[in-house]
Amino acid sequence: MTLPQSRLLFLLALAVCVALLGGALYMQHGLGLEPCPMCIMQRIVFMAIALVCLIAVIHGPESKGYRVYGGAALLFSGFGVALATRQLWLQSLPPDQVPECMPSVEYMMDVLPFTEVLGHMLTGTGDCAEVVWRFLGLSIPGWTLVAFIGFTLFSLVELFRQRGPRAIFS
C-alpha cells in the first residue's frame, strides 16, 4: 500500500484539527457547555498541532523537514494524550476524591499568578471531573483521547516513513 504524499497528509491533519476546534466552539457557544481548564489546554494542543501541520503544508520541505514536523506533531500529540488521560482519570474518581472546583480560568488569570493558573490547567479541577456530554458512551476527553491517539499514529508515520523522490505535492 502506498501512502499519500506527506503534504496531503498534513493538510488532512490540519483539516481534522480545524474540525475538532470548530466542534469545540459549537459545543461551547451553541450547546452552552463551558470548557473546563483541561479542555482549554487540550484546545491549545490541537491549535499547536494545527500550526505544525499548516507550516508543513506551506513549507513543503524535503524528507528531513517532514520528519521534523512529524516529530513536533508527535510531541504535541503525546502531551494531548497525557492531558486527556488525566481528565478521564479525574472523571473516574469517586465524588469524595475529586479535587475542589475553581473559579473560571478568566477569573483565575486576573487574580492568580500565571504559574498557578497553568498548574490548575494541567492537573485539573473539580470542573474537569464533571461529565457533561457523552456520545457513543465516551465523554469529551474520551473523544479527544481518540483524536490525540490518531494524531500520534499520524506523527509516527510521518516520522518513520520511507520517502522516494520528491513529487510535486509531497
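Colleague: What share of the contacts between residues at least 6 apart in sequence join residues at least 24 apart?
Modeller: In this chain it's 83%, with contact meaning heavy atoms within 4.5 Å. Bear in mind this is a predicted model, where local features need pLDDT of at least 70, side-chain atom pairs count only at pLDDT 80 or more, and totals for chains, interfaces and linings use all residues. Residues are numbered from 1 along each chain as its sequence is written, and side-chain values use heavy atoms, with hydrogens and water left out.

Colleague: OK. How many helices and strands are there?
Modeller: The chain has 7 helices and 2 strands, in the order α-α-α-α-α-α-β-β-α from the N terminus. Those are DSSP runs numbered from the N terminus: H or I of at least four residues for helices, E of at least two for strands.

Colleague: How do helix 3 and helix 7 sit relative to each other?
Modeller: Their axes come within 8 Å and cross at roughly 160 degrees. Axes here are lines fitted to C-alpha atoms, for helices over the stretch in contact, with angles from 0 to 180 degrees between N-to-C directions. So helix 3 and helix 7 are roughly antiparallel (angles over 145 degrees count as that).

Colleague: And which residue classes make up that contact?
Modeller: The contact of helix 3 with helix 7 has 13 nonpolar, 12 polar and 2 charged residues. Nonpolar covers Ala, Val, Leu, Ile, Met, Phe, Trp, Tyr, Cys and Pro; charged is Asp, Glu, Lys and Arg; the others, Gly among them, are polar.

Colleague: Switching topic: which residues have the most contacts inside the largest nonpolar core?
Modeller: Phe10, Ile49 and Cys53, in a core of 35 residues. A nonpolar core is a set of buried Ala, Val, Leu, Ile, Met, Phe, Trp, Tyr and Cys residues joined through side-chain atoms within 4.5 Å.

Colleague: Which helix gives the most to this core?
Modeller: Helix 2, with 11 residues.

Colleague: What does Phe10 touch?
Modeller: Not counting residues up to four places away in sequence, Phe10 touches Cys53, Ala56, Val57, Tyr66, Tyr69, Gly70, Phe154 and Glu158.

Notes. Parallel < 35°, antiparallel > 145°, perpendicular 65-115°, else oblique. Buried < 20%, exposed > 50% of the residue type's maximum accessible area, 1.4 Å probe, protein only.
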